[in-house]
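Keep the structure in view as you read.

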Amino acid sequence: MSNEPITLTAGDAEATVMPGNGGRIGGLRVGGTELLRQGERYGCFPMVPWCGRIREGRFRDGAVVHRMPLNSPPHAIHGTARDAAWRTARATADEAVLTYDLTDPWPYSGRVTQVIALTGDALTLTMSVETYESSFPAQIGWHPWFNRTLDGTGVEIAFDPAWQEERGDDHLPTGNRIDPKPGPWDDCFGMPDGVDVTLTWPERLELKVTSREEWVVVYDEQEAAVCVEPQTGPPDGLNTLPRLVTPLEPLEATTTWRWTRL
């Protein structure tokens with residue numbers, strides 16, 4: 001199948017999926033209201049095979065040090081798949097399945113599969129990384145740009161993390177866990193019972209971002225958008241908390257965005 005944009009519909013919800021543009025969700029409209037920022041940095045893109053920054057673009061796998069392109073100098077950020085064309089494996093009225101084969105500059109072969117499923121009140125994103133050859137460390141996450149305001153109403157962010165990863169001057173976790181600080185944030189938080197963040201646009205819409213994962217980056221330093229990014233490990237996690245993809249054990253993660261009209 002081609003990598004042309006796909007429109008999913010369920011009830012009064014409509015999602016645009018863009019296989020040819022990094023496998024991203026280009027937009028999500030509920031009752032005609034766009035929830036995701038449009039423009040230069042828009043929608044929601046998958047972060048894979050790593051999330052956030054890798055320190056100086058270097059990570060170690062056993063005795064071998066690999067170097068990724070420094071696309072956010074002095075670091076490498078947000079994986080390689082968001083810059084690639086994905087393939088549409090299957091599409092129905094309310095679900096799309098996309099695949100992406102890992103390739104240069106990532107040093108390992110593997111396949112990423114993303115399932116985007118829409119219902120009348122939720123969008124569920126599921127991603128897996130598989131290898132048929134050597135094992136390798138990887139991460140999965142999503143980076144949505146939610147509109148800060150809906151029809152002039154500003155968003156409120158509510159969540160109760162167990163800790164915040166202390167952030168160094170280089171924007172990477174220092175390894176210390178601290179009590180959560182008030183925003184604005186560009187920070188990683190730990191939620192051991194699973195990610196659970198509520199965005200509320202008073203009298204308009206409530207949207208809950210949930211995931212079984214325990215890591216979430218919240219970024220609200222921008223005027224136009226807020227980002228709630230569930231992920232399988234912290235920034236620089238390929239070095240500090242590697243999760244191995246093996247031929248017997250893929251890496252899998254899911255996040256659901258569920259909304260309620262207010």
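Aspartate 101 counts as partly exposed, at 31% relative accessibility. This is a predicted model. The partner of aspartate 101 is arginine 87, and the two form a salt bridge. Their closest N and O atoms are 2.8 Å apart.

Now turn to arginine 167, which forms a salt bridge with aspartate 187. Here the closest N and O atoms lie 3.0 Å apart. Distant parts of the chain are linked: arginine 167 belongs to strand β20 (residues 163-167), aspartate 187 to strand β22 (residues 186-190), and 20 residues separate them. Is aspartate 187 buried or exposed? Its relative accessibility is 6%, so aspartate 187 counts as buried, because buried means under 20%. Arginine 167, at 30%, counts as partly exposed.

Next comes a salt bridge between the side chains of aspartate 196 and lysine 208, at 3.4 Å from N to O. Aspartate 196 lies in strand β23 (residues 195-201) and lysine 208 in strand β24 (residues 205-211), so this pair joins parts 12 residues apart in sequence. Aspartate 196 is partly exposed, at 35%. Lysine 208 is partly exposed too, at 30%.

Salt bridges can also form a network, as they do among Glu14, Arg29 and Glu34. In total, the structure holds 15 salt bridges.

Key
Residues numbered from 1 in each chain as written. Predicted model: local features only at pLDDT ≥ 70, side-chain atom pairs only at ≥ 80, totals over all residues. Heavy atoms only, no water. Salt bridge = Lys/Arg side-chain N within 4 Å of Asp/Glu carboxyl O. Buried < 20%, exposed > 50% of the residue type's maximum accessible area, 1.4 Å probe, protein only. Helix = DSSP H or I, 4+ residues; strand = E, 2+ residues; numbered from the N terminus.
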